[in-house]
Amino acid sequence: MGLTTEAHFAQQLAANQPNVREKALKKIEKWFERISVNSDALNEETFLKIWKGIYYYFWLCDKMLVQEDRADVISKYIHVFKSIEYSFLYIDTFFKTMVKEWHCIDRYRLEKFMMLIRKVLHQGFQLLKNQKWKIKFIKKFSKVLKNTVLDPSIDSAPFGLKIHVSDIYMEELAKVGADEVTKKILRKFLLPYCKVLCYSDDPSFSVFCQERCFSLSH
């Protein structure tokens, strides 16, 4: 039995040969665009396989300028899908991948993955801006975060990952929507952190969120 398309891409993205990896990263954009026309063509399992390949691709990506360029490319794939539901699923499975792999990232590679997270978060906010900050889409975005990197339970995600996302959250939102985000809209973006303050069983994370997110929102 042959490999599925997503498994084939994942294999190529994690290949030892740099030229094979680069070709796969370019091809995947057109594949995303083409296949997302069909509302039943993609699912969480498919995206998780793709993200596993992208994770190893980025793991093997060297040189700072190259890493930054590829992080831009990977994060901007959020916008290539024909359905916004797939865009949210792409973001969701990215964060699920980070939750799973965070403890495996060594200190030499941590900074570049933190950069990738920042860029994905930034493009997530850009997606919402493109949708005119509609509340229903902000709620979907918030739900993605609440179910992954901002789940209030102590064992839901690595502490360092939660801290990093929370540290850059308001900063990246301000970069994208400083002139457009009203107080009403801002309250929607703070909902994941309201849940953290209400239900988190990790006092240190709650204190950090209160100081980093709510103090910056005033």
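**Cysteine 213 and its closest cysteine sulfur in the predicted model.** The sulfur of cysteine 213 has its closest cysteine sulfur in cysteine 209, at 5.2 Å. A disulfide requires a pair of cysteine sulfur atoms within 2.5 Å, so the separation of 5.2 Å is too far for a bond. Cysteine 213 has a relative accessible area of 0% and is therefore buried.

**Cysteine 61 and its closest cysteine sulfur, in cysteine 104.** Here the two sulfur atoms are 19 Å apart, which is too far for a bond. Cysteine 61 counts as buried because its relative accessibility is 5%, and buried means under 20%. With the 2.5 Å cut-off, the count of disulfides comes to 0.

**Packing of helix α3 against helix α5.** Helix α3 covers residues 44–59 and helix α5 covers residues 84–101. The axes of the two helices lie 9 Å apart and form an angle of about 55°, so α3 is oblique to α5. The crossing of α3 past α5 is right-handed.

**Residues in the contact of α3 with α5.** From α3, the contact involves Glu44, Phe47, Leu48, Trp51, Ile54 and Tyr55. These residues meet Tyr86, Leu89, Tyr90, Thr93, Phe94, Lys96, Thr97, Met98 and Glu101 of α5. By residue class, the contact of α3 with α5 holds 10 nonpolar, 2 polar and 3 charged residues.

Methods. Residues are numbered from 1 along each chain as its sequence is written. This is a predicted model: local features need pLDDT of at least 70, side-chain atom pairs count only at pLDDT 80 or more; totals for chains, interfaces and linings use all residues. Side-chain values use heavy atoms; hydrogens and water are left out. Axes are lines fitted to C-alpha atoms, for helices over the stretch in contact, and angles run from 0 to 180 degrees between N-to-C directions. Helices (H or I, at least four residues) and strands (E, at least two) are DSSP runs, numbered from the N terminus. Angles under 35 degrees count as roughly parallel, over 145 as roughly antiparallel, 65 to 115 as roughly perpendicular and the rest as oblique. A crossing is left-handed if the near helix is turned anticlockwise from the far one by less than a right angle, and right-handed if clockwise. Contact means heavy atoms within 4.5 Å. Ala, Val, Leu, Ile, Met, Phe, Trp, Tyr, Cys and Pro count as nonpolar, Asp, Glu, Lys and Arg as charged, and the others, Gly among them, as polar. Buried means under 20% relative accessible area, exposed over 50%, partly exposed in between (1.4 Å probe, protein chains only).
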